There are 2 protein chains.
Amino acid sequence: MLRVGFFQFAPKFGEVATNLSKIVSALRDAEADIIVLPELPFTGYLFQDRSELVYLSEEPAKSTTVSSLIALCRDRKFFLVTGFAERSDDKIFNSALVIGGDGVLHTYRKLHLFDTEKEYFDPGDTPLETIELRGARIGIMVCFDWIFPEVARILALKGADILCHPSNLVLTYCQQSMLTRCLENSVFAVSANRFGSDIRPRGTVTYTGQSQIVDPRGELVYRTKSEGEELYIAGIDVKRARDKWMTQRNELLEDRRPEYYTDLIGK
Amino acid sequence: MLRVGFFQFAPKFGEVATNLSKIVSALRDAEADIIVLPELPFTGYLFQDRSELVYLSEEPAKSTTVSSLIALCRDRKFFLVTGFAERSDDKIFNSALVIGGDGVLHTYRKLHLFDTEKEYFDPGDTPLETIELRGARIGIMVCFDWIFPEVARILALKGADILCHPSNLVLTYCQQSMLTRCLENSVFAVSANRFGSDIRPRGTVTYTGQSQIVDPRGELVYRTKSEGEELYIAGIDVKRARDKWMTQRNELLEDRRPEYYTDLIGK
């Protein structure tokens, strides 16, 4: 059994050290293989403008936040998948990092930016790839990526057993739709959402919590409440994601007819 | 308002004339623009083998079933989207026909065959296209096509306002998942399912009814019961499907990043 889960909490906007400390403290005794954190869990979400994001974002290689997380992973022998406001030269991405005791293993830069993110983040420029951790292949998607079925599908085609999904969800549709994402691809998904609000000069955004784990038949393993801090870890059998047979004659990925799908990649 | 709907009933296996008569009778007073019928509503579903299907299938151009439906459409001034066991030379397809008072306007041959269908049907060979009826653009998918997100997506990319979805659903997942299909593409869907069972020498298959209409925000307009005959027509505002804006900055189809989707069309 692979132990996977999430930590749901309410980051305080702009208080990177406080949020880091909260996470490190909450995960200090966790027994797990992979823990998913929300999107942008260190900075908060609702930036005033690009300059505020420039100020709060970090280069992972020079980030004390990241080095603290690496130390935590080394100490606790787990991997983290976390949202991260990633500076890279003159660009800033809404990214997810896969972190282990040896460092940052993988970076995914959100392909589909939501609403005001378009004002201050650069659109992601990393291909959808999967990475193997402890015999499980994981694929990363960030928040609004969920509404584009192409994302989960490509990750499944690249062998993902588990979709790790750092989120700051504000719409109410996602949690239910992730059941479909898992079913149509026969994969697990761990959606780590935040709760609470960002109350900022430009307005207030409230997040929907309800972080969840879904199995490859689209059944909910666990969903937590709309509010409240929670670390939740489940034991899952990754082999279930590799059985893509819906019936004795239907293998979900083999049954695709890609020769009829060419319109998906035209503009 | 466009009047669209479905007729849910329980076809009797192999009794083509009886099933046709049932449909014609049920639709005799319908006031509608487009009515969707289930998959294979004339023949029934659970064929014993290819030879039984050969016997029961028809060439649309020579079919008295089809000519009766054309007459019905002409008389009632509506269009039908209906499942059809379509013979074409030495091939037999699990098809859907779009029929109007002037004849058969469009044929779609199911791309993704389910379970035993693979034993006796030929896999579909028609591209996913849309067709305009009374100012609305409709896309056709048949039953198990629902689980492949590529199908609804391509139809939406080709302008579909309404997915017309003749079905003989046996799994319980589809009705809920169609909410996601509609939401992710901002389209309406009319899923016309059958109820009852085919009790045949090779076994028994029971269908799940619950025919439904879903709106472009993934909300259920109407879902009927698991059993029971029903003709249901709703008035819908097709313009709602053309508004693909999820937020002021997110247009669902424009926000796609097809340059990152090329893996979808590899094998």
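What radius of gyration would a compact globule with 267 residues have, and what does chain A have? The rule puts the globule near 18 Å, and chain A has 18 Å, which agrees. The radius is taken over C-alpha atoms, and the globule rule is 2.2 Å times the number of residues to the power 0.38.

The model is predicted: local features need pLDDT of at least 70 and side-chain atom pairs count only at pLDDT 80 or more, whereas totals for chains, interfaces and linings use all residues. Residues are numbered from 1 along each chain as its sequence is written, chains are lettered from A and ligands numbered from 1 in the order in which they are written, and side-chain values use heavy atoms, with hydrogens and water left out.

**Stop 1: chain A as a whole**

Select chain A and display the C-alpha trace, which spans about 55 × 45 × 35 Å along its principal axes. A cartoon of chain A shows 7 helices and 16 strands; these are DSSP runs numbered from the N terminus, helices being H or I with at least four residues and strands E with at least two.

Of the 267 residues in chain A, 63% count as buried. Here buried means under 20% relative accessible area, exposed means over 50%, and partly exposed lies in between, with a 1.4 Å probe and protein chains only. Among contacts in chain A with a separation of 6 or more, 69% come from residues 24 or more positions apart; a contact means heavy atoms within 4.5 Å.

Switch to the surface: chain A exposes about 9,600 Å², and carbon and sulfur atoms supply 47% of it. These areas come from the Shrake-Rupley method with a 1.4 Å probe, and for residues only the protein chains shown count as cover. Colouring by charge picks out 33 positive and 38 negative side chains in chain A, and the centres of the two sets lie 2 Å apart. Lys and Arg count as positive and Asp and Glu as negative, without His or the chain ends; each charge is placed at NZ of Lys, CZ of Arg, CG of Asp or CD of Glu.

**Stop 2: the two copies**

Show both chains. The same surface serves both copies, since 98% of the contact residues of chain B recur in chain A.

Now select B:P149 in helix α5 (residues 149-157) of chain B. Its relative accessible area is 2%, so B:P149 is buried. Beyond four places in sequence, B:P149 touches A:P149, A:R153 and A:E184 in chain A, together with B:R181 and B:E184 in chain B.

**Stop 3: strand β1 of chain A**

A:R3 lies in strand β1 (residues 2-8) and is partly exposed, at 31% relative accessible area. Although A:R3 and A:I34 are 31 residues apart in sequence, their C-alpha atoms are 6.6 Å apart. Contacts of A:R3, leaving aside neighbours within four places, include A:E31, A:D33, A:I34 and A:I233.

**Stop 4: buried loop residues**

Select A:D161, in the loop between α5 (149-157) and β8 (162-166) of chain A. A:D161 counts as buried, at 2% relative accessibility. Outside four places in sequence, its contacts include A:G135, A:R137, A:F188 and A:R242.

In chain B, B:T43 sits in the loop between β2 (34-36) and α2 (50-56) and is buried, at 4%. Among the residues that B:T43 touches beyond four places are B:K12, B:F13, B:L56 and B:A85.

**Stop 5: positive phi values**

Most residues other than glycine have a negative phi. A:C143, in the loop between β7 (136-140) and α5 of chain A, has a positive phi near 40° and is buried, with 6% relative accessible area. B:Q210, in the loop between β11 (203-206) and β12 (212-214) of chain B, has phi near 55°, also positive; B:Q210 is partly exposed, at 25%.

**Stop 6: helix α6 of chain B**

Finish at B:C174, in helix α6 (residues 174-185). B:C174 is buried, with a relative accessible area of 1%. Leaving aside neighbours within four places in sequence, B:C174 is in contact with B:W146, B:H165 and B:L169.
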